Amino acid sequence: MKGGLALSRPANSTIDDQIHTLPLQATYYLPAVSYSRAVLHSQYEPGQSVLRGESIAQGVIAPTSGTLRAQVNHAWPHPSHLEVPTWELEADGLDTALPLAPLAQNVTTQDKLSRLTMAGVQGLGGAGFSTAKKIERVLQHTERTLIINAVECEPGVECDRMLMQSHASSVIEACHALVEWIQPTQTLFAIEDDKQSAIDALTSDKTHQQNPVLTWVTLPAVYPSGAESLLVQRLTGLHLAPNQRAADAGVLCVNVGTVMAIYNALNGNAAIDRLISVSTQDLMHTTTLSVRFGTPLNAVLKFAASQHTGLAEALRLNPTAVQVGGPLSGFSRPIDNAPILAGCNALLIGPSHQSQPPSACIRCAECATVCPANLLPQELYTAARSDDHDVLKHYRLDACVLCGCCDVVCPAHIPLTQWFRFAKGSVAEQAQNEADAALARTRSEQHAARVEQRALEKAVADEQRRSAAAAAKHAKADIQAALARVKRKKPSA
Amino acid sequence: MTWLALTSLLLLCLAIGYGFARLGNSQSSEETLIERINDCLPQTQCAQCHFPGCRPYAEAIADGRAGINQCPPGGDATIHALSELLGVEALPLDKQFGVSKPPLVALIDEAVCIGCTLCIPPCPVDAIVGSGKLMHTVIAEDCTGCELCIAPCPVDCISLVPATAEITQWRPAAPEQRS
Ligand code: SF4
Ligand code: SF4
Ligand code: SF4
Ligand code: SF4
Ligand code: SF4
């Protein structure tokens, strides 16, 4: 990979090498919108009881057993800072699971895919893509590549490493099960070279040693190597067209946490939780928590503080603001009861660094040097400011992975990534408007054609009726004439 | 003074004529020009431009029978696109035709609807479904918010509501322009 940033945590920082599981909460909050902001519909009524693992709506799984309350507008961990309709799940404290049997070996692909959907397995990378859809697309190809993505490149995000080193044999088993299902021509396990403890744990696993189907690819710890499009390109040489996903080219790239979730779902356990790293903003202290989806943010932080004095001190000094996501990709939000969702991999205590006021671009091209997608951020910036979609396209805005490397190095402190987010939104909005217009145009043309056709048919029918009436009139006249003739002839006969 | 006004009018006509002539050369047929003009229009089919739909308005522009600033749903974006396409000056929207509004869709109050079917024929995109004496409803994805069904309804049970929820409309804001 060209560019990127070699980021590291402070030399004397401490990482708590244990996974702490949050105790059961009294209330969980389940947003009724997807991360891509589609409104979700559900058959469930307020007051209905649900079991742990029950699917309430597409991708929304009850994290414990209890009673669903009516939807209310509730805080949502999203950069929009909007409130969204949210189900409140009042836990009954019993934590009864929905009985989901492990799937037998010989079930059909369709059964497996619907199990993944029902169990709420989705990408843990943030956007929350349905894993079943991704796998379905890959299975349409005969030549398949499986990439297990264990590259989490932002310092302060430790959840994948913790998962691999604490549950190495389960991870290997889950990988093997996925390989068994997907039958790829090769399976690449991508991991960074600064995760030696995880690599050791995995490679010393017995199952792996007996059946080494995984090919290790160790990458230097450079941010953002884990970005899917960049990783796929780097490992397979495949250049994806704009809007093309790796899955459309027969490459299944899944995060190692998702591999575990797939395995669990097939064995009867729905995706109800994830690992989250909680750190101080300066990354001096980090701990890893296992958190069920829907757990309020403030409860997570309070629990983290109870497990780690460094975090407790940081929370005491910064009781109001937290950063959701890693140091580069995260966004700041108030500490409230907004729920933790699948895309949240890290929390940083304290407000994000105050950005300095930007000055004019001096065209130093530092940004282009670090851009891992090989773009010219300074040109994209100018185009984004004038909202010029043609120029944005020319400089390949769609290839930007919003990693934020350009922001970090820009001596003019220009919030480049924020401009690119804005520009992507603007381009998407225009595309939506164009699609809407095209649909309306087709429908109005069809409408007009039908109106015209009806008018024509009516005219033809009217004409036929007229000529039929005229013909009848003629016929009648002919008969009268004939009768008259007969009458005239009769007396003479 | 009159000659000044006349001259400027003449110059404007020449400019517009030049614009069309240039297009006329590059685009062989009139039909293609109409298509390209129609491509710039928002396809709301609301007839606010005083033509019975977007395509008739496109034909009128191509014939020089209408200005480019008569489409309220398209607003400045449409005027800008037309001015670039035709090489004519981008005038502000002529307010006599209406004002730009945020996207809306029709919503039938299904409890009030008497099933008279009067709203169905005016809909230019067939977005209303229903049958005699039965409740009618609007297919929101197909509705352009043209408002043509509002007036015919005898019980006034059709209203316009924002096309999408706030959450669907949200998009990242541009950074504050401090430099
Ligand atoms: S790093 Fe900043 S100042 Fe330098 S060229 Fe890029 S945008 Fe301009
Ligand atoms: S945010 Fe986009 S433009 Fe900036 S470095 Fe990352 S990929 Fe390149
Ligand atoms: S005013 Fe309405 S009918 Fe006329 S061009 Fe604009 S959208 Fe189409
Ligand atoms: S439903 Fe009404 S507002 Fe919507 S497109 Fe049809 S006529 Fe226009
Ligand atoms: S015109 Fe009004 S009352 Fe009649 S069918 Fe349409 S919505 Fe119902």
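These legends describe close-up views of a predicted model. Local features need pLDDT of at least 70 and side-chain atom pairs count only at pLDDT 80 or more, whereas totals for chains, interfaces and linings use all residues. Residues are numbered from 1 along each chain as its sequence is written, chains are lettered from A and ligands numbered from 1 in the order in which they are written, and side-chain values use heavy atoms, with hydrogens and water left out.

**View 1. Helices H2 and H3 of chain B.** The axes of H2(B) (residues 30-40) and H3(B) (residues 54-62) come within 8 Å and cross at roughly 125°. Axes are lines fitted to C-alpha atoms, for helices over the stretch in contact, and angles run from 0 to 180 degrees between N-to-C directions. Helices (H or I, at least four residues) and strands (E, at least two) are DSSP runs, numbered from the N terminus.

**View 2. Open sheet of chain A.** Four strands with parallel pairing form the sheet, in the order S10-S9-S8-S11; two strands pair if DSSP finds at least two bridges between them. S10 (215-219) and S11 (251-255) are the edge strands, each pairing on one side only. S9(A) (residues 186-192) and S10(A) pair over five bridges, and A:Glu192 stands opposite A:Leu219 in S10(A).

**View 3. Surroundings of ligand 2.** Residues around ligand 2 (a heavy atom within 4 Å) include A:Cys371, A:Pro372, A:Cys400 and A:Phe420.

View 4. Among the residues around ligand 4 are B:Cys123, B:Cys143, B:Cys146, B:Glu147 and B:Cys149.
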